[in-house]
Number of protein chains: 2
Amino acid sequence: MQIKEIVKQIQPVSEKWREKARERLANLIIPQGSLGDLLALAEQLAAVKETLKPSVQKKAVVVMAADHGVVEEGVSAYPAEVTPQMVTNFVGGGAAVSVLAEVVGARVLVVDMGVAADLDHLAREGKILSRKVGFGSRNLARGPAMSREQAQQALQAGFAIAEELVREGYELLATGDMGIGNTTPSSAILAVFSGRPVREVTGRGTGISDGILENKVRVIEKGIAVNRPDPDDPLDVLAKVGGFEIGGLAGLILGAAARRTPVIIDGFISSAAALLAKKLAPASVDYMIAGHLSMEQGHRLMLAELGKKPLLALNLRLGEGTGAVLAMPVVAAAANVMSKMLTFEEAGVSKKISSS
Amino acid sequence: MQIKEIVKQIQPVSEKWREKARERLANLIIPQGSLGDLLALAEQLAAVKETLKPSVQKKAVVVMAADHGVVEEGVSAYPAEVTPQMVTNFVGGGAAVSVLAEVVGARVLVVDMGVAADLDHLAREGKILSRKVGFGSRNLARGPAMSREQAQQALQAGFAIAEELVREGYELLATGDMGIGNTTPSSAILAVFSGRPVREVTGRGTGISDGILENKVRVIEKGIAVNRPDPDDPLDVLAKVGGFEIGGLAGLILGAAARRTPVIIDGFISSAAALLAKKLAPASVDYMIAGHLSMEQGHRLMLAELGKKPLLALNLRLGEGTGAVLAMPVVAAAANVMSKMLTFEEAGVSKKISSS
C-alpha cells in the first residue's frame, strides 16, 4: 500500500462516542472527577473503539530492532553488537521488557527491521518476525540514513504488522525499540520537526559521558546540515536522519490508528516514530497514549510536540517498550472504569448534598 | 495482643539482602540505572522478603470502612448513608476499586470497622469481614472520636487481618478506605503530628465548596483544641481525632510489617494510617510503598512525613484503595526485574565500552 493510501485510512476518533462516554463517566459512583487521568483515558478509549464497553484484554508490545550506521561516529556507550544480543534476550525472556510483559499479560512481538546481523535462525524458528530493510542504516552524518524507498518499506512493514495484529484480535498495542545508537536519529528527528537547537533535544541515551555527548551533538548537527531534511516531508526526514525501527514503529502506529486500535507509545525513540506518524497523518494522535515520561533529555519536548501527557513517570530511560508495557494496566483500568463501573442511579447511591 | 507487643514484632528490613539485591541489579542487562524507580523498589522487595526472588503474585487490597460523627458538623459533600451504600457496591463489583482490582488480579477484602449501619447480612454471607468497633466514631469537634480502648481494638483488628492474610499466602497487601467525612480526621492527624497549620493540611475531600472548606478547617481546629491530642502518644491521637477505619488500617500496616510483607499505601486517609503506624513503630515504614500521589491537598505533606516517594501521580482523589491497586503492577514489575532478569554475564551481552 502506498503511503498516501495509508494516510487516507486514518480518520479522527468519534466525537459522538466521546460525548456519550463523558456523560456516563460524569454519573459514575465517585465524586465528580475523582478518578483523575483515568477519566480522560476512558473517554479516549470509548472514542477510539466507538463503544461504551471498550476492551483491551488482548495486548501486544511490538519491539522493533535495527542498527544504525551513525554508531561509527562514536555516539553510543555500547557497541553495535548489543542489538542482536538483546534481540536474543527478548526472545529468551530475560530482558526487561520480557519480564514486565509477563506481569501485564502482554505478548512481546520482536521484529527485525534492520539489525546488522543475520537473525534468520530466530525468524525461521518463529521467534521473531523478519522485516529486514537492510543490515543497519547508513551513517546519517555522511549522507541519508536510507533511501526514500527503504523509508517507505519500513513504514509499510510496520503498518502491515499492526493490521495483522488487529486481525488476530489484539485490542491494545504498544511500541518498543532496540537499536544501539538510536537516540541519535530520534534527536535529529525532533530537532528537524521542532526547529529547536540540537543541543536542547539531545541526551545521554544509554549513559554517555560529557565528551561523547558533545560529539553526539556535533554529529547530529552535521547530519542535519549534510542532509537538509525537509520538515514538511516526513518521509524525507525518516529517510535522511531516521532509522529502520523508527520507520517501522511509525508505520505500526499508523496501522493501529487506521484500525481504530489504541497504541501506547513508549519513550524517546518510540515518540520520534509517533512524531513522524503525526506529521504523516495528524489524526493518528487521537489513537496514541503516551505511556510514560522518559528520563532521556528531550522526551518532554517530544511529548509536547505530540500534545500528549504521559501516564507514568518512573524515571525510566531504557526503551524496549518497558514504559509502554507498565502503562498497560492503567489503560486496562480506564477501560474497566468505562465498561464496568455503575452510575449513582444503577447503584442506588445517594448523590452529593445539593450545593450547600 | 497488646500494642506494645505488636510494636516489638516489627524489625527493620534486611540491609544484607538489600546490599545483595543492589549488587545483582547493577549487573542486569540494562544501562546502569535505566529502570529508574523500579530498581529501588526491587531492592526494597528483596530487603523486605529476604530473597533475591521476591514474589508478589497473591495480592489483596483491604478496604476498611467506617463512619464519622464529625459529619454532623457539615464537613462533607455527601451524606453519611453513602458509606454503607458504597460497601454494598464494593461487594457487588461496580465500584472503582472493584473494577481496578479485577485488572490487576487482586482480592478486595472489605472490612466493616465501624459503619453506622447494620451490615451483619453481608458479614453472614461472607461478603465482608465485620470488625465493628462501633456504629461510627463520635464527633471529634466536641470530644474524643473514640475511647483509648476502641483505638486499641481497631489497631488490633487490623493487625490480626494482616496476619491472617499472610498466613493464607498473600504476598502483597494494599490499603483502602471508605468513610464519608474521613478526610477530616486524616487532616487532624497530619496537623497534630506535623505541627503544621490546619489550613495547610486540609483539602476538599470529595469536592466541597469554599464555604464548607472554611467550616472544615474551623471544625478540625476546634477538634484539636478541645481534645489536645499528644503527638508523642499515637494511640491518643488516634483515639481523640482519628477514625475506626484509620485505626484498622494502621493496624493492618503494622501487621504487614511484622510479617515481612510489603504493603502499598493508597491516598490521604491510608497515609494518615501509615503515619500512625510510623509513629508507633518507626521501622514499619521500610515495608510501606507509597502507591500514588493523591490530589487531596496535604497528601504531599503526608508523604513527606512518611519519607516516601509515590509511584504514580494520576490525579486521583477517590480513596477506596484505587491508587494502591493501580500501583500493584509496578510493584509486580519490580519483583520480576529482581527475580527474573538476567545479568550481562548470564545473558552473554557485551558491556559498556570502557569509559572513552
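Leaving aside neighbours within four places in sequence, with which residues is A:Ala257 in contact? The model is a predicted one. In it, A:Ala257 touches A:Ile10, A:Ser284 and A:Tyr287. A:Ala257 belongs to helix H12 of chain A, which covers residues 244–258. Its relative accessibility is 1%, so A:Ala257 counts as buried. The cut-off for buried is under 20%. A:Ala257 and A:Leu303 are separated by 46 residues in sequence. Their C-alpha atoms are 18 Å apart in space.

Stay in chain A and turn to its sheet. Six strands form an open sheet in the order E3-E2-E1-E4-E5-E6. The pairing is parallel. Two strands sit at the edges: E3 (129–130) and E6 (288–290) of chain A. Each of these pairs on one side only. Strands of a sheet pair through backbone hydrogen bonds, either parallel or antiparallel. Look at one pair in detail. Strand E2 of chain A, residues 107–114, pairs with E3(A) in the parallel sense over two bridges. A:Asp112 has A:Ser130 in E3(A) as its bridge partner.

Now move to chain B. B:Ser14 lies in a loop of chain B, between helix H1 (3–8) and helix H2 (15–25). Is B:Ser14 buried or exposed? Its relative accessibility is 11%, so B:Ser14 counts as buried. A polar atom of the B:Ser14 side chain lies 2.9 Å from the backbone nitrogen of B:Trp17. Beyond its neighbours within four places in sequence, B:Ser14 is in contact with B:Ala47, B:Glu50 and B:Arg260.

How values were computed
Residues are numbered from 1 along each chain as its sequence is written. Chains are lettered from A and ligands numbered from 1 in the order in which they are written. This is a predicted model: local features need pLDDT of at least 70, side-chain atom pairs count only at pLDDT 80 or more; totals for chains, interfaces and linings use all residues. Side-chain values use heavy atoms; hydrogens and water are left out. Helices (H or I, at least four residues) and strands (E, at least two) are DSSP runs, numbered from the N terminus. Buried means under 20% relative accessible area, exposed over 50%, partly exposed in between (1.4 Å probe, protein chains only). A polar contact is a pair of N or O atoms within 3.5 Å; within protein, one must be able to donate a hydrogen and the other to accept it, and residues adjacent in sequence count only if both atoms are side-chain atoms. Contact means heavy atoms within 4.5 Å. Two strands pair if DSSP finds at least two bridges between them.
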